[in-house]
Amino acid sequence: HKGDGLGAFSAANQKVMMETMESIKNLNLILEIGICNNRKNAYRTSTATILKHKPKNCTYVGVDIQDKTSILEDNFKKEFDKNSYFFRANSKDIEKVMSFINKLGFQKIDLLHIDGLHTIEHIAYDWNYTEYVSDEGKILLHDTNQHPGPLALLEVIDRGIFDFKKKCIGDDDNGITIIWKK
């Protein structure tokens with residue numbers, strides 16, 4: 001992994017995520033696609049950053065095709081509060097995921113973090129969640145320096161609807177991009 005040697009989600013990525021979370025005035029729902037995949041350094045992941053820094057009244061939903069329950073229980077007992085949910089599903093099944101979110105009382109996503117499977121096909125499916133992002137919401141796309149899916153998405157993103165800023169673009173980082181509706 002690139003970054004500071006402790007996992008793919010570098011300290012610089014963490015800073016971008018925290019600043020992005022702070023920039024959203026009404027941060028009510030965070031949807032993370034692809035959660036904590038680093039048991040050894042779980043505290044240095046996007047999941048840890050979200051859970052440790054989200055407002056108490058903000059709801060977190062983490063979606064992953066693999067069962068990450070034990071990683072969450074082992075590493076985030078304190079942070080995984082009553083407003084935090086793990087939903088095991090393939091993120092391609094948008095109807096199933098959004099039905100779960102709707103049952104929690106939400107129609108819109110305020111922060112969408114995409115860090116699941118990095119193929120072009122799968123990123124295209126995950127991009128469909130942007131339909132549910134609130135007007136003031138933000139999208140964070142991880143691994144935008146070398147993975148084929150995130151790179152291709154940034155090349156074809158509709159600049160008439162969305163704008164973006166690449167961050168952490170050096171060779172020593174996997175990169176993260178902030179995307180927002182115009």
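Before we start, a word on the labels: helices (H or I, at least four residues) and strands (E, at least two) are DSSP runs, numbered from the N terminus. Also keep in mind that you are looking at a predicted model.

**Stop 1: the whole thing**

You'll find six helices and seven strands. Follow the chain along its sequence and the pattern reads α-β-α-β-α-β-α-β-α-β-α-β-β. The radius of gyration is 15 Å, close to the 16 Å that the globule rule gives for 182 residues, so the protein is as compact as a globular protein of that length. Along the principal axes, the C-alpha trace spans about 40 × 35 × 30 Å.

The accessible surface comes to about 9000 Å², and carbon and sulfur atoms hold 50% of it. Of the 182 residues, 54% are buried. Among contacts with a separation of 6 or more, 70% join residues 24 or more positions apart.

**Stop 2: helix H1**

Select residues 11-23. That's H1, with 13 residues, and from first C-alpha to last it reaches 18 Å, close to the 18 Å expected at 1.5 Å a residue. Show the side chains of Asn13, Gln14, Val16, Met17, Thr20 and Met21: these are the buried ones in H1. They cover an arc of only 160° around the axis, which puts them on the same side of H1.

**Stop 3: the salt bridges**

How many salt bridges does a search of the whole structure find? Four. We'll visit some of them.

Stay on H1 to begin with and select lysine 15 and glutamate 19. They form a salt bridge, with their closest N and O atoms 3.3 Å apart. The two are four residues apart in helix H1, which means about one helical turn separates them. Glutamate 19 counts as partly exposed, at 39% relative accessibility.

Next, select lysine 68 and aspartate 64. Their side chains meet in a salt bridge, 3.1 Å from N to O. Are these two buried or exposed? Both lysine 68 and aspartate 64 are buried.

Now pick glutamate 121 and lysine 92, whose side chains meet in a salt bridge at 3.6 Å, N to O. Glutamate 121 lies in helix H5 (residues 120-127) and lysine 92 in the loop between strand E3 (84-88) and helix H4 (94-103), so the pair ties together parts that are 29 residues apart in sequence. Glutamate 121 is partly exposed at 48% relative accessibility, and lysine 92 is partly exposed too, with a relative accessible area of 32%.

**Stop 4**

Select threonine 59, which sits in strand E2 (residues 59-64). With 6% relative accessibility, threonine 59 counts as buried. Which residues does threonine 59 touch, leaving out those up to four places away in sequence? Show Asn28, Leu29, Ile30, Asn83, Tyr85, Leu104 and Phe106.

Then jump to isoleucine 157, in the loop between helix H6 (148-156) and E6. Isoleucine 157 has 7% relative accessibility and counts as buried. Again leaving out residues up to four places away in sequence, isoleucine 157 touches Trp127, Phe162, Phe164 and Ile179. Draw a C-alpha to C-alpha line from isoleucine 157 to tryptophan 127: they are 30 residues apart in sequence and 9.8 Å apart in space.

**Stop 4: two positive phi angles**

Finish with a look at the backbone. Select aspartate 143, in the loop between E5 and H6. Phi of aspartate 143 is near 65°, a positive value in a residue other than glycine. Aspartate 143 counts as buried, at 5% relative accessibility.

Cysteine 168 isn't a glycine, yet its phi is positive, at about 55°. At 18% relative accessibility, cysteine 168 counts as buried, since the cut-off for buried is under 20% relative accessible area.

Technical notes
Residues are numbered from 1 along each chain as its sequence is written. This is a predicted model: local features need pLDDT of at least 70, side-chain atom pairs count only at pLDDT 80 or more; totals for chains, interfaces and linings use all residues. Side-chain values use heavy atoms; hydrogens and water are left out. The expected span of a helix is 1.5 Å times one less than its number of residues. Buried means under 20% relative accessible area, exposed over 50%, partly exposed in between (1.4 Å probe, protein chains only). The arc is that of the directions from the helix axis to the C-beta atoms. The radius of gyration is taken over C-alpha atoms; the globule rule is 2.2 Å times the number of residues to the power 0.38. Contact means heavy atoms within 4.5 Å. Accessible areas come from the Shrake-Rupley method with a 1.4 Å probe; for residues, only the protein chains shown count as cover.
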